[in-house]
Amino acid sequence: VALHCDLPHNPAIRAQAALAIAQWQNNKAPESRDVVGGNAWLGLDLLMQYFKERFCKNGVVLPPNFRRLVLHKHIAGGASGDTTSDGGYQYLDALTQKDERKNAIGFADEVEVEEDEEYRVRSACITAITSIRAQDGMTPPSVLLFMEEVLQSGDKAAAGSLLLPHEEEQLKRKQDQALDEEIAHYRRIIGPYDEDVSNLPYVSLSLVADALLALCHIHVR
């Protein structure tokens, strides 16, 4: 089972957990950086496994998603039936099938943009991995190879957006309908007629910045 399959804890907890694993590994570190095999680098192995499962694909570090689209569904509530309560929500990026995404957008009463803090977890993982040392104070070779891969990867696929072109058109139609029907203000259907930048392409160099900062923790001769 992949380490990241359920992600039951929020990003802040997982970021701190990564740093805690690095501290544990340093407390249990072998005498030399050249020690291999067994559980000598168990904490380091877990951090690298998590990073590759969560943030890499086909050997390339994925670009960070600083924002996520949240699709809400409202249900009637209250004695008069004219109030609403949250009838559930889902994240668009959690849906992988084209039809699933199309149906979810069509079913949603409200579309919100929220910050995705996974980039903080990625940064913490890089810092944690580079902070690990043997008892002789030297950085393990596997960490050097990891940092080389990260720097070579850079943010090659750093341009991204939250919506596919046909999904952007679908939201535009929903926005047009919302304006025509004068839907109540609580139903925040986003779209091109709003001052919304949720789907503007973006380019991130945060991976390079994180990697260069993490190099301060490397200790080699």
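1. Basis. The model is predicted, so that local features need pLDDT of at least 70 and side-chain atom pairs count only at pLDDT 80 or more, whereas totals for chains, interfaces and linings use all residues. Residues are numbered from 1 along each chain as its sequence is written, and side-chain values use heavy atoms, with hydrogens and water left out.

2. Glutamate 118 pairs with arginine 14 at 2.6 Å, N to O; since glutamate 118 belongs to helix α4 and arginine 14 to helix α1, the pair ties together parts that are 104 residues apart in sequence. Helices are DSSP runs of H or I with at least four residues, strands are runs of E with at least two, and both are numbered from the N terminus. Glutamate 118 also forms a salt bridge with arginine 54, with the closest N and O atoms 3.2 Å apart, and this pair links helix α4 to helix α2 across 64 residues.

3. Buried means under 20% relative accessible area, exposed over 50%, and partly exposed in between (1.4 Å probe, protein chains only). Glutamate 118 is buried at 11% and arginine 14 is buried at 14%, while arginine 54 is partly exposed at 26%.

4. The remaining pair. Aspartate 34 and arginine 33 form a salt bridge whose closest N and O atoms are 3.9 Å apart; aspartate 34 is exposed at 53%, and arginine 33 is partly exposed at 24%.

5. Cysteines. The search of the whole structure finds zero disulfides, a disulfide being a pair of cysteine sulfur atoms within 2.5 Å. Cysteine 125 is buried, with 2% relative accessibility, whereas cysteine 216 is exposed, with 61%.

6. Tyrosine 91. This residue lies in strand β4 (residues 83-91), and its C-alpha atom is 6.2 Å from that of leucine 71, which is 20 residues away along the chain. Apart from neighbours within four places in sequence, tyrosine 91 is in contact (heavy atoms within 4.5 Å) with Arg68, Leu69, Val70 and Glu114.

Technical notes
A salt bridge is a side-chain nitrogen of Lys or Arg within 4 Å of a carboxyl oxygen of Asp or Glu.
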